Amino acid sequence: MGIRDPATAKIGEEILPFEMETVPEYFQKKAEAELHDTPDRRAQGLRQIRELAKNDKHTKNIEFDDDFLLQYLRVRKYNVARAFSQLKALVALKKRYPLIFTNFSYDKTVKTISDKFITMLPWRCQDGCAILLVELDNWIPEEFPVEEIKRAVLVYLLQSLRYPMTQINGFKAILDLKSNPLRHLKHCTPNNIYLIYHGSQECIAGRYKEVHIVNQSVTFKAAWFLVKPFLTDKLKKRIIFHSSPETLLDYFPKAVLPKQYGGDLENYDMYAWLKKAMEPEKLSLLGGRPRQVIA
């Protein structure tokens, strides 16, 4: 599979790389049509959400970069009140669980790639969606504690959203939930399951377009029992259960899927992206930073 150039790709026909700093014209028009995203709305929305943040007791002492605030404006289609409410939910999450927003370590998080249990895939679908792959059976909690899982998920989602292409088009997730119940079931606590759901759905500004469940297991059934009551009808309709991995090809181009799912991808890795995503200056921006007070 050769490298595609986003500037010349036939949008809707060719796949695009995950790492994209610019937004092709087709997707700019898509953002305008679906999200009301125009230069004027961006400028107005940023002014309004900054004003709300400045006057709210929970956010007045926090600095937010424009690209971070735009994630919330876009996911809420420039409904500023809803965008700010979701932003405050992330601030509250960070205050309640400070340890998962600190003590990041590339040497630890990179195990998610080397051990093949969490990664972003290197290509997007034709519709621009980024693809998150989770292979639960490769996770050994004794070697990678559940607290590191929470940090890793935070890094993958928030740092993927640094790309406007991900803000505009969203994520598709492939969750391969084959599992060793003796190893994983004890971590399916209500607190852990709710934290992952609440953090990803109600705090982080991601658009989740499809969630594909492959290889259902006892562990999944326990987690599903806990999380299903919280899911919106909209999200439930976007969860697709697969009787076999091969049916993923009904939803994804063969070129973007790993070999074990019938695709063409092999010997790929996202080490370089993760290294950049975990540069200290970038991690310091996650969820905003304390406002500097000038004496």
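## Helix α3 and its surroundings

The buried residues of α3 pack against α1 (25-35), α2, α4, α7 (146-160), α8 (164-169) and α10 (190-203). Here contact means heavy atoms within 4.5 Å, and buried means under 20% relative accessible area, with exposed over 50% and partly exposed in between (1.4 Å probe, protein chains only). Helices (H or I, at least four residues) and strands (E, at least two) are DSSP runs, numbered from the N terminus.

Helix α3 spans residues 66-75 and is mostly covered, with eight of its ten residues buried. Those eight are Phe68, Leu69, Leu70, Gln71, Tyr72, Leu73, Arg74 and Val75. After α3 comes lysine 77, which has a positive phi, near 50 degrees.

## About the model

This is a predicted model, in which local features need pLDDT of at least 70 and side-chain atom pairs count only at pLDDT 80 or more, while totals for chains, interfaces and linings use all residues. Residues are numbered from 1 along each chain as its sequence is written, and side-chain values use heavy atoms, leaving out hydrogens and water.

## How α2 meets α4

Helix α2 (residues 39-55) packs with helix α4 (residues 80-96) at an angle of about 50 degrees, and their axes are 10 Å apart. Axes are lines fitted to C-alpha atoms, for helices over the stretch in contact, and angles run from 0 to 180 degrees between N-to-C directions. The two helices are therefore oblique to each other; angles under 35 degrees count as roughly parallel, over 145 as roughly antiparallel, 65 to 115 as roughly perpendicular and the rest as oblique.

On the α2 side, the contact is made by Gly45, Gln48, Ile49, Leu52 and Ala53, and on the α4 side by Val80, Ala83, Phe84 and Leu87.

## Two nonpolar cores

A nonpolar core is a set of buried Ala, Val, Leu, Ile, Met, Phe, Trp, Tyr and Cys residues joined through side-chain atoms within 4.5 Å. The largest has 72 residues, and Met120, Trp273 and Leu274 have the most contacts inside it. Apart from this core lies another, of 15 residues, including Leu121, Trp123, Phe252 and Leu257.

## Around cysteine 125

You will find cysteine 125 in the loop between β4 (123-124) and β5 (130-135). Cysteine 125 counts as buried because its relative accessibility is 2%. Leaving aside neighbours within four places in sequence, cysteine 125 is in contact with Ile131, Lys172, Phe252 and Pro253. Between the C-alpha atoms of cysteine 125 and tyrosine 208, 83 residues apart along the chain, the separation is 13 Å.
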